[in-house]
Amino acid sequence: KKMIQNKQDLAFYIVADRIMNGYPAKCSLLSKIKETKVIGGGKTIIMNYLSHLRRYAYYYNAHKRTFSWNSVMMAYEHYKVAKLGIKCGFSIGHNSIGYGVVIPHYGTIVVNDNARIGNFAVLHTCTCIAGGNKVIGEGLYLSTGSQIVGSLKLGDGVTVAAHSLVNKSFDNNILLAGAPCVVKNGNYSVWYVRDGEEYINRVELVNQVRKEIYK
């Protein structure tokens, strides 16, 4: 499924990513300068990567076989994604992850093109989602050093503990740990509820912006 299919989708995905990563929804040149000073250069690079990844997805999904302006923009955005991906250590499929993704730190993150991950996912460093087709629900929390491999399905609100290996399907709202993983808690809150009011407010703001953009 193509996640970003039109300009409305593109605008919303970029704004949702910004909000969930602690940025203001609107991005001006002045705010970019302030963000670099206040939030930090490393975090700014991550946000730039995500923005170009979303734009590449838009132009890729809109691309026709005949040469057009979309072809030029697609090539440019692909270049930017590749360049920033090397700096950050990211290799993420352009149609693989829903809106509002949170990447707290730069470092190795791999998500293959065949993965379909829901909204509001958190990807920590040294994580890998690869090998086979995957359908993963909303609110995934993938802790440092964890892997999700093979063809499988995961429900909403799945948290994977550090250095764990997920190699089979599981249901909603659980904590997984171990290699291979087992269910450590079968009634575990989704990460943005568990981690405090700040993140609940961000999710609510994203939902509010979504209504405004698609009204």
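This is a predicted model: local features need pLDDT of at least 70, side-chain atom pairs count only at pLDDT 80 or more; totals for chains, interfaces and linings use all residues.
Close-up 1. Strand β13 covers residues 181-185 and pairs with β12 in the antiparallel sense, over four bridges. Two residues lie between β12 and β13, and the two strands form a hairpin.

**Close-up 2. The parallel pairing of β10 with β12.** Strand β12 (residues 175-178) also pairs with strand β10 (residues 159-160), here in the parallel sense and over two bridges. In this pairing, T159 is found opposite L175 of β12.

**Close-up 3. The open sheet β3-β6-β9.** Three strands make up an open sheet in the order β3-β6-β9, and their pairing is parallel. At the edges are β3 (115-117) and β9 (152-154), each of which pairs on one side only. From one strand to the next, the twist averages 5 degrees.

**Close-up 4. The pairing of β6 with β9.** Within this sheet, strand β6 (residues 134-136) and β9 run in the parallel sense and are joined over three bridges. L154 in β9 is the bridge partner of I136. As a guide to viewing such strands, side chains in a regular strand alternate between the two faces of the sheet.

Notes. Residues are numbered from 1 along each chain as its sequence is written. Side-chain values use heavy atoms; hydrogens and water are left out. Two strands pair if DSSP finds at least two bridges between them. Axes are lines fitted to C-alpha atoms, for helices over the stretch in contact, and angles run from 0 to 180 degrees between N-to-C directions.
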